[in-house]
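The stops below are given in the order in which they may be selected.

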Amino acid sequence: MKSNYIFTAFLFFLSISILAQQKEVDSVNYLFETIPKAFENKDYKNAFELSEKAIATYKNNDSLSGLANLTLGKIKFGQRQYGPSVQHFNTAVEHFTKNGEYKLVYEAYINLGTLYRLKRDYATARNYFSKAIAVIKKKYSNNHENLIEAYKGILRVEKEDQNFEAALEYADKGLQVIKKLDNQAHEAIFLTYKGDILQLQRNFDPAIENYLKAIQIKEKLYGIYHRGNLVTYNNLAGAYSQLYYLDKAIEYQERVIDINQKLPQNQQVSYTSAYGNLAVYYTEFGTPEKSIQYHKKALVYLKQELGEDHFLYPMLYKNFGDTYYDLKEYENAQKYYKASLDYYLDNSKVADINATEGYTNLALVAKNTRNFDAAQKYLQASLKIYPKNHYLIIPCQLELTNVFIAQEKYELANAYLDSIAQKLPQKELSELNFDQLKDRKEYINAKINYYKNASSNNTDSLIYFYKKAIALDDYTIKEYTTAPTKDFQLSKAFPLYESYVKHIVENNQKAEAESVLEILEKTKARRLTESFNKEKSSIATKIPDSLATLEQQLNVDVVFYEEQKSLEINDPQPQSDSLIGVYNTKLFKLKRQQNQLQETFKSTYPDYYDLIYNRKVINIQQVQKYLGEKQSLIEYFVGENDIFIFVITKNTFEYTSVPKDFPLKEWVTQLREGIYNYWALPNSADEQLKKYNTLYKEVAFKLYQKLVQPIENVLTKEVIIIPDGELNFIPFDALLTEESSTNDLIKTLPYLLKKHQISYNYSATLFGQLKEKSNSKASNDVLAFAPKFGDEKMETIAMRRSGLGVLKYNIEEVEAINNLFNTSIFKNDLATKANFISNAKDHKIIHLSTHAKSNDIQGDDSFIAFSKSHDSLENNQLYVRELYNLNLDADMVVLSACETGIGELKKGEGVISLARAFTYAGARSTITSLWNVNDAQTTKLMTLFYNNLKEGMTKDEALHKAKLHYIESEDLAAPYFWAAFIPAGNMDAIQFSENTQKYYIIGGCLAFLLLGFGIYQKRKKAA
């Protein structure tokens, strides 16, 4: 009995023990399940309590104690209680190591590494990440997926500790593992990190290459509108801005904002830095007014998103200062620069590197307000802070040198320059990195400043450094692959060009005349010249047909989507904002493809690229070869302080300068208003005629005195004018060579037209290139268009206001041409855009008697209007940007329409007009208008012009004589009716087809026979 009792008791206690063990197992399993779940659900309070319980109850269970300590470490880490957090992570490592759970050991090490990185204890952080890497490699493999996070952590440590080479090494190691695992999402992340490191090394080109690869992967995985793209787009914009590809920087930064706006609110990132960066890029791009708008937006978002005391405030203040500095509002610039500097000085126990920029910026303000002592003090304070070999030390020293020059401390300035010269690498331009190129450029500019001021006996040295600076600018401009950046860089070179030309002209350095012409040519018609160069280079240097086709197709596609976007924006009842977004996305991708193609041309086909973008300009002897005995060429260069005039005849060349001590822009505006305000504005009172005539006569003579009279004695009968800047809007024919009284009759005024036969060109180089261009091989003579714009009886006020009202005489005009030439006429509803595009390529003369609208803000939006096509969705407007993609073979395009010769004025290019676009498309010459012309009188003038052409006259002679005849024979003889039309390009007579010549001969013979028959009849009657 006793033994049975004992056995029964044993079974009872055993069952209790088993039940207790099962309960413990259940409890442990419960904790294993609920602790991670609570943490993942951000239920940190519950996760904390459960972890504390696990440690107190099951301290001998290494797995559970390790998990609990790991979780507590993460919670304390999130609460920034770093001490307890480290203790928990290390305890977790002990438990996991005992139990052989090495992936969790790795996780603890990753957390410890991250914690110490945030504490900026980079040595300890590096140690923990290295341990994490070692654990995975030892216990698993060299290509295990967990290595990705460890490499990411340690590369960030090295990057923040400025060990950039080590950071790049870990980035590459991470990419090797990622590629073996085919993990594209992480590949994009690591490529972005690599781009960031390269950008910090100021290796911008490879940084951009990595960012673009990352974007390509991300867009493939997620599409464009994904949060993961924002950082890469943002950093890519920053890299482009550092290289002054500001058009690209703006494009990508705007893309960041666009994506962010389309994301759900809980996924959006801060707008502060996006708008702040955009403001910086617009400042650097020379549009400070727009920049201020974005600065203000950035400040608003900063207060909303990050509060009143955030480290971004001094950065925004500094950027505000930059904008006001560019606007030359130095008081405002100083205020913001000082606010930025004060923040850094107040919030740093030691002098911060950010303070150096503050001191330098205040120095620039002081220098520009001629407070040179303050400028010197600020720059010397800045130099004390810079660490050794910092990339901004040399620029700061050069600024200090310029201050010494301003203070007339020439010996000290020269000593600084000698010292700086020893630090600059003695390499070819192609071997220098971006910062080295900038340093060399600023050094050369400082040498120019020194030689201009230190002594009057340094002419040879001064010219030597001017040429060095110009050569460096040429190299820099050629290296850029986008047109807006080339334009921007060229505009930045203008002060240097003006300074050099002024020195040569004022010191009468005849031996340097060639270099002066070269400078003047660099500032003219860059894109037009490149279009001619491209035509030559495609023949001289073969590129694959596939790339040539791709380039053409991309151009066509960009134009198409630009047009669709413009139509949608201007549509009074647009379909939706989302459609504009679709067009923006299409354009974004297409322009990126264009950029990549240009980079391919530059790297893979350098000879082709060099032929297009290497600005080899015409020389004096070559110009003289193309000039006739009675011809002279005037080339103008409008600087900030002077207007330079260069005159070449068959055997001579001269140059002079005119001080710009008069309001040029205002005078040009007054001249144009004096010519057309009375006639163009409806219901003008008669007393207005005398007012505007007086204004015209005064300004027309004053402009003649400034622009023509100084070189009148060397001019020949025929004059070719290459205008610059505001001079593009002047009808030189209408300038007056003598002062006139208010009573002088309009017919008898001393117009420059009466002394000279004037034509125009875009540059001397293009003058030569157009001379060399062979005559049209088109089989047809004239293509004439006369579109219909509504019914005269039904004409609305809206039509008249839009400038697209009824044209009463355009059909009469083209039919008059048909009486003289073999003409293909498209009139009324047949005069469509589609018919023009399909017929334009095979005619020697294209005559468009229609409406046109110029756009002086965005020249590519200027257009010619055609009849609406009722059976097509296509619009009836042909834009400048579309003309660039046409391939014409016309000897002449006549735009008998309003405002076809004016548009957006761009430095280095000229006026982006319809006339220029037709030249780009292949026309050898154009006849265009400078203002809204009168329909009826234009028909008369054009008839006279074509009659003269038929006689075999050159184009400029034909128009010149037509104008003179018009003035003599018409009652409405004011310049408004005839001076608008200007001939540009190759003025040679047109060689018409044999059929047309036969047409003339037959017509002449018939006229002769009719005359003879009449004489015979008279004699017969007399007999």
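Select Lys510 and Tyr655: the charged end of Lys510 sits over the ring of Tyr655, 5.4 Å from its centre. A charge is taken to sit over a ring if NZ of Lys or CZ of Arg is within 6 Å of the ring centre and within 35 degrees of the ring normal. Next, display Arg202 with Tyr391; Arg202 lies over the face of Tyr391, at 3.8 Å from the ring centre.

The model is a predicted one, in which local features need pLDDT of at least 70 and side-chain atom pairs count only at pLDDT 80 or more, while totals for chains, interfaces and linings use all residues. Residues are numbered from 1 along each chain as its sequence is written, and side-chain values use heavy atoms, with hydrogens and water left out.

Zoom out to the whole protein. Its secondary structure comes to 41 helices and 16 strands, where helices (H or I, at least four residues) and strands (E, at least two) are DSSP runs numbered from the N terminus. Of the 1023 residues, 52% are buried; buried means under 20% relative accessible area, exposed over 50%, and partly exposed in between (1.4 Å probe, protein chains only). Among contacts with a separation of 6 or more, 69% are between residues 24 or more positions apart, contact meaning heavy atoms within 4.5 Å.

Turn now to the aromatic rings. Rings of Phe, Tyr and Trp (its six-membered ring) pair if their centres lie within 6.5 Å; planes under 30 degrees apart count as stacked, over 60 as edge-to-face and the rest as tilted. By this rule there are 56 aromatic pairs. Select Phe204 and Phe434, an edge-to-face pair with 6.1 Å centre to centre and 85° between the planes. This pair links distant parts of the chain, 230 residues apart: Phe204 belongs to helix 10 (residues 204–222) and Phe434 to helix 21 (residues 434–454). Both Phe204 and Phe434 are buried.

Move to Tyr275 and Tyr301, which form a stacked pair, 5.6 Å centre to centre with 10° between the planes. Tyr275 lies in helix 13 (residues 271–284) and Tyr301 in helix 14 (residues 288–306), so the pair ties together parts that are 26 residues apart in sequence.

Beyond its neighbours within four places in sequence, Thr272 is in contact with Ala298, Tyr301, Leu302, Glu305, Leu306, Leu312 and Leu316.

An aromatic cluster comes next: select Tyr233, Tyr240, Tyr245, Tyr252 and Tyr480.

For the last stop, display the cavities. A cavity is a set of points on a 1 Å grid over the protein atoms alone where a 1.4 Å probe fits but cannot get out, and lining residues have an atom within 4 Å of a point. Select its lining: Gly674, Ile675, Tyr678, Trp679, Leu689, Tyr692, Asn693, Tyr696, Ala974, Pro975 and Tyr976. Helix 30 (664–680), helix 31 (686–707) and helix 40 (975–978) are the elements that give two or more residues to this lining.

Methods: 1 Å grid on protein atoms, 1.4 Å probe; cavity = no way out; pocket = protein on both sides within 12 Å on 5 of 7 lines; lining within 4 Å.
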